[in-house]
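Hi there,

Here is the structure I promised to pass on. Have a look at it first, and then read on for what turned up.

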Amino acid sequence: MEVYVERKFKVSERARAFCLATAQVLLGTLFFMLCVKINIPIRPVPIAMHTFGVFSLAIVLGGRKASFSILVFLGLASLGAPVLAYGSNPLWMLGTTGGYLLAFPIAAYVIGKMVEMKPNAHVTWLMFSIFCGQVIIYT
């Protein structure tokens, strides 16, 4: 006679939180990639939905996850994946849009932290945090 013992696989809360955060970062990266593909191709700097993606990710995901999402995006661009507005360019940092792209994770972090400071903030606070992010991106 054989006795089968059923084992339940338990996942710790820390591992579950890590998997959830990783999924959110990857979905944020995918959303940002989709925002980049919506553009008006004007040289030297295209008009795209980059900043909308930065602001949306920062407000929805928070500072850390939004900046990680954009850093993953920039990592893919550095590896040569065709995620940028003008296709793949591993040397994107040296181009005309390099400064803007490098400012995106910083702006996302600042906007996200400002939104996290006031969880039930009024629209004016959100607009002010987005304005601060715009200042970071364009300076």
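Before the helix packing, a word on terms: an axis here is a line fitted to C-alpha atoms, for helices over the stretch in contact, and angles run from 0 to 180 degrees between N-to-C directions. Please also keep in mind that this is a predicted model.

With that in hand, take H1 and H3. Their axes lie 8 Å apart, and the two helices pack at an angle of about 60°. H1 and H3 are therefore oblique to each other, and their crossing is right-handed. On the H1 side the contact is made by Ala21, Gln24, Val25, Gly28, Thr29, Phe32, Met33 and Val36, while H3 brings Lys65, Phe68, Ser69, Ile70, Val72, Phe73 and Leu76. By type, the residues of this contact divide into ten nonpolar, four polar and one charged.

Next comes H2, which has twelve residues. From its first C-alpha to its last it reaches 16 Å, close to the 16 Å expected at 1.5 Å a residue. How enclosed is H2 by the rest of the structure? Largely, because nine of its twelve residues are buried. Those buried residues are His50, Thr51, Gly53, Val54, Phe55, Ser56, Leu57, Ala58 and Leu61. What covers them includes helices H1 (13–37), H3 (63–78), H4 (98–117) and H5 (123–138), together with strand E2 (47–48). Just after H2, glycine 62 takes a positive phi of about 100°.

Leaving aside its neighbours within four places in sequence, threonine 51 is in contact with Phe104, Gln134, Ile137 and Tyr138.

Last, have a look at methionine 114, which sits in helix H4. Methionine 114 counts as buried because its relative accessibility is 12%. Which residues does it touch, leaving aside neighbours within four places in sequence? They are Trp125, Phe128, Ser129 and Cys132. Methionine 114 and cysteine 132 are 18 residues apart along the chain, and their C-alpha atoms are separated by 9.4 Å.

Happy browsing, and do write back with any thoughts.

Best wishes

Technical notes:
Residues are numbered from 1 along each chain as its sequence is written. This is a predicted model: local features need pLDDT of at least 70, side-chain atom pairs count only at pLDDT 80 or more; totals for chains, interfaces and linings use all residues. Side-chain values use heavy atoms; hydrogens and water are left out. Contact means heavy atoms within 4.5 Å. Helices (H or I, at least four residues) and strands (E, at least two) are DSSP runs, numbered from the N terminus. The expected span of a helix is 1.5 Å times one less than its number of residues. Buried means under 20% relative accessible area, exposed over 50%, partly exposed in between (1.4 Å probe, protein chains only). Angles under 35 degrees count as roughly parallel, over 145 as roughly antiparallel, 65 to 115 as roughly perpendicular and the rest as oblique. A crossing is left-handed if the near helix is turned anticlockwise from the far one by less than a right angle, and right-handed if clockwise. Ala, Val, Leu, Ile, Met, Phe, Trp, Tyr, Cys and Pro count as nonpolar, Asp, Glu, Lys and Arg as charged, and the others, Gly among them, as polar.
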